[in-house]
Amino acid sequence: MKALLYRELIWFKRFLADYIVSWVLPSAISFMIIYLPVTISDVNVVIDKFSSIVGVRLDITSVIIVTLIMSSLIPVVSVVINDIIQTLFSEFKFLEVSSTILETTTIRRYLLANALVRPILMTFFVTMYLIPALTAVLGLHGLVVYIYIELALQLTSMVLGLYAALFAMLITFYTNISRPWSIANSIPPAILAGSGIYLQAYSIPPILRLFAQTTPVPQAVELIQVIALGMSAPNITHFLAVTAVLLSTYLTLTGFMGVKTDIKVRK
Amino acid sequence: MSLKPLLRILKILYFGTYLIKIHLTSYIASIINGALWFILILVPAMTFSEDVSKAFTIFLPGVLVLMSCGVAVAAAIEFLRWYVNQGLTDMFRECGLNVFSYLLSGVHIDTFIFGLLSYMLIGAASSYYVGLKPSAIIPLRPLYFMASLLTIIPAYLLIGSMTAYIYTVTRISSAWMLLAQMILTIGTLVPPSTSVNPLIYLINPATLASELARAAYGSNVVDESILIVLALPLSVIYIIIAYLLGVRSDRYISRYGLEYRY
């Protein structure tokens, strides 16, 4: 655990450029979603259409804040899934540190630590841009909004960590895929496109919606939207129920598969 | 006139065609995940617009150019970063192939196959989301569309060579190149209509091809006559600058070397 924490902090320092990009990209996406239609339409029409999707009448500042907050899901989903899958694969297939890992711990414990601890840190690192952005626009209230958003994102990322660990295990130990990044890179946009960020659920193709439902991201989108809209008492029961079910399912599966994989790898 | 340069170009293209076998999985994955990422941005942008079908014909053509030119950035980084680690960059260079040659070797695949397939997939998916017929992606004026595809080639070479030159002579991380890909959206995805003088957007080498693609749907901002007049001279200038930047990068590597860096 200590080693994982230490490595994550070192990686943050070493890959700071990547983290900066992960702050700029979602901000740019949230900006583009409003700016692009404004280039060819009346700004009031764009605000009206956005308001009709979220179900609350907003002004331009609120639209920008809501899209910015919603965009925080983008780096969380992509970084957690990509990193969990690619780290396991590269440590066992490229970097050849598997013997060191197997000497010190079991694959089950290693996977669970990776899947539960690292997403917490990574989520905090990739959403740091929200702190100055929200405080600048909303003042101290922005900090409160950030804490709520962060809690929702942290819970989501833990489930995503376990979800990615399952994929990582299958790719690394049960298949002969030479380019795992092709899978790791395709899962996040599929989840995000199926979760309906900035869109109404009915317009999403059923297959993408079904795929996204294997994660708590669609429920996180709903919850974060409600928090971003400033509704005083968001209903968190649905989000918590789905997260709890998925967390326990993936925890059991990762634990079970971890034991099996440990025996297989040691043999 | 000697046929040697032409034969050399053909050899490089032949070599690039065979390289596709190595990259096939990556190409397929990139087409799928590129489409999914664009759906995430394009579909809401179209949905929030006043006229969805107009938005479709304005934003979508930019995707064609952006997808191809985005690969140019990735290909340049591949040559100067990933291949360095495996010693392949040196091997290519010993055979007289610098980064310009490497970009040239894949330009036909990245434009006519990867770019076009990505475009069709993104177009079909976006039309489904916004309730348009899939036939909406068929260009009304195919000649402009062909002209756009042809002008992507010099833009691809120049953007790739510029990326390579910046990466070679500075110490910046390759992660910053993702931001360079974002700058490419100005003039491609973002139409030049946002400026008083749309011609200023031509600073982005990818704008010319995007405007020609938009002209294929009748949604161009820069006048067609200007686009036609500029297409040939700008293409030649882009290729010459790209070639010179490739040579300069190679000279720099010969003198100072190129270490593997993230």
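**View 1. The side of chain A that touches chain B.**
In this predicted model, 31 residues of chain A are in contact with 34 residues of chain B. On the chain A side, the elements that each contribute two or more residues are α2 (16-40), α3 (43-54) and α10 (180-195), and the largest share, 12 residues, comes from α2(A). Sorted by class, this side of chain A consists of 21 nonpolar, 6 polar and 4 charged residues.

**View 2. Helix α13 of chain A and the helices it packs against.**
Helix α13 of chain A, which runs over residues 237-266 and has 30 residues, reaches 43 Å from its first C-alpha to its last, close to the 44 Å expected at 1.5 Å a residue. Its buried residues are Phe239(A), Thr243(A), Leu246(A), Tyr250(A), Thr254(A), Met257(A), Gly258(A) and Thr261(A).

**View 3. Tyr198(A) in the loop between α10 and α11.**
Tyr198(A) lies in the loop of chain A that runs between α10 and α11 (206-212), and this residue has a positive phi of about 70° although it is not a glycine.

Technical notes. Residues are numbered from 1 along each chain as its sequence is written. Chains are lettered from A and ligands numbered from 1 in the order in which they are written. This is a predicted model: local features need pLDDT of at least 70, side-chain atom pairs count only at pLDDT 80 or more; totals for chains, interfaces and linings use all residues. Two residues are in contact if their C-beta atoms, placed from the backbone, lie within 7 Å. Helices (H or I, at least four residues) and strands (E, at least two) are DSSP runs, numbered from the N terminus. Ala, Val, Leu, Ile, Met, Phe, Trp, Tyr, Cys and Pro count as nonpolar, Asp, Glu, Lys and Arg as charged, and the others, Gly among them, as polar. The expected span of a helix is 1.5 Å times one less than its number of residues. A residue is buried if 20 or more other C-beta atoms lie within 10 Å of its own, exposed if 12 or fewer, and partly exposed in between; C-beta atoms are placed from the backbone.
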